[in-house]
Amino acid sequence: MTPSPRRPAAARRSGRSARTPGPASVDIPTISLPGSARPHPALGLGLWGLGRWGPEDEARTKATIARAWERGLRWFDTAEVYGTGRSERLLGEVLARSAGGAPDAFVVTKVSWEHLRPSQLRAALIGSLERLARRSVDLYLVHAPDRHVPVADTMGTLETLWREHKVGAIGVSNFSVEELEEAARHLSEARLVVNQVEYNLFNREEGDALREYCQKNGILIEAYTPLARGLLHGRYLDGKKVPPEVRRFAHRLFEEDRLPEILARTRRLNDLAQETGVPLASIGLHWLAQRGAAPVVGMSRPDQVDANLAAWATRPPDSVLARADAIARGDRA
């Protein structure tokens, strides 16, 4: 089990007794990746929403990151486009206040699809490192391909930055198998170690199409929106409307002609979770882990960190995951 780090100075100044124990850390295993300087944690905190909303949310954002660190999460995923750099800055500020500057944090950020030309890419990384207050990142991802920029130029620059030890490993996001093959052809020493894509029980087509190739080539699939924008926490089952900002960024889940069936399947999954005594989110997270993917979960409040770690700590039996798989596909048998 990962030992609990010393509490940040901000927490020590809060007036709470030094003898008061903090919440227990959760054991999160790591995944060894050929071509990565460090093993990759199996569960992470996604910071897409943290830095995206209003300035009044900043204190809550920092508390969420601090809570994740305190509970044992070490993989933090951000990008230069999240809040136009604000997400990186907030993450850097919290980690800098953690014990020793959080040297064991596994920090992942992404270069925008608008910055893939060599001069742009180097400048983008320098900007990200300044905001993160770090000399290097453990993993640097191409956020999405840009067909107007030669892949050879992008990969060549990434490999140079890797040789300079500014990035520990190179990955991509939202790449197809064909795009992965093309990118890999333009690396001579470094390897692609990650492809981050949307992957969950309901939106599985992209992840499933990548699984065989990625497993064969030692590429880890990082799964974003693993809990289907809260559906796999049971959100919206009470009739609550989906907020416009959620609809805008998750249209495939919440399209008018699809949503009633998705909600019906979610209710069946929730019934399964209650029947077997596991949190609904446990099914969503461990269905991905069973398929060799590493979930990166968006969390915007400290209590969401606790809920997701409790879900991770409960591993449903394979038989339950198989039933969940059939329910989410729409099988009626």
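This is a predicted model: local features need pLDDT of at least 70, side-chain atom pairs count only at pLDDT 80 or more; totals for chains, interfaces and linings use all residues.
Q: Hi! Let's start with strand E9: why is it largely enclosed by the rest of the structure?
A: Strand E9 covers residues 220–224, and four of its five residues are buried, so the rest of the structure largely encloses it.

Q: Okay, and in which sense do E8 and E9 pair?
A: They pair in the parallel sense, over five bridges, with E8 being residues 192–198.

Q: How does the chain get from E8 to E9, then?
A: By way of helix H7, residues 205–216. The β-α-β crossover made this way is right-handed.

Q: What about E9 and E10, how many bridges are there?
A: Four, and the pairing is again in the parallel sense. E10 is the strand at residues 293–298. If you want a spot to look at, find Glu222, which stands opposite Ala294 in E10.

Q: Nice. Switching to helices: at what angle do H11 and H12 pack?
A: At about 60°, and their axes are 8 Å apart. H11 spans residues 280–290 and H12 spans residues 302–312.

Q: So what do we call H11 relative to H12?
A: Oblique, because of that angle.

Q: And is the crossing left-handed or right-handed?
A: H11 passes H12 in a right-handed crossing.

Q: Last one: which residues meet there?
A: On the H11 side you'll find Ala281, Ser282, Leu285, His286 and Ala289. They meet Asn308, Ala311 and Trp312 of H12.

Definitions and conventions:
Residues are numbered from 1 along each chain as its sequence is written. Side-chain values use heavy atoms; hydrogens and water are left out. Buried means under 20% relative accessible area, exposed over 50%, partly exposed in between (1.4 Å probe, protein chains only). Helices (H or I, at least four residues) and strands (E, at least two) are DSSP runs, numbered from the N terminus. Two strands pair if DSSP finds at least two bridges between them. A crossover is right-handed if, with the strands pointing away from the viewer, the path from the first strand over the helix to the second runs clockwise. Axes are lines fitted to C-alpha atoms, for helices over the stretch in contact, and angles run from 0 to 180 degrees between N-to-C directions. Angles under 35 degrees count as roughly parallel, over 145 as roughly antiparallel, 65 to 115 as roughly perpendicular and the rest as oblique. A crossing is left-handed if the near helix is turned anticlockwise from the far one by less than a right angle, and right-handed if clockwise. Contact means heavy atoms within 4.5 Å.
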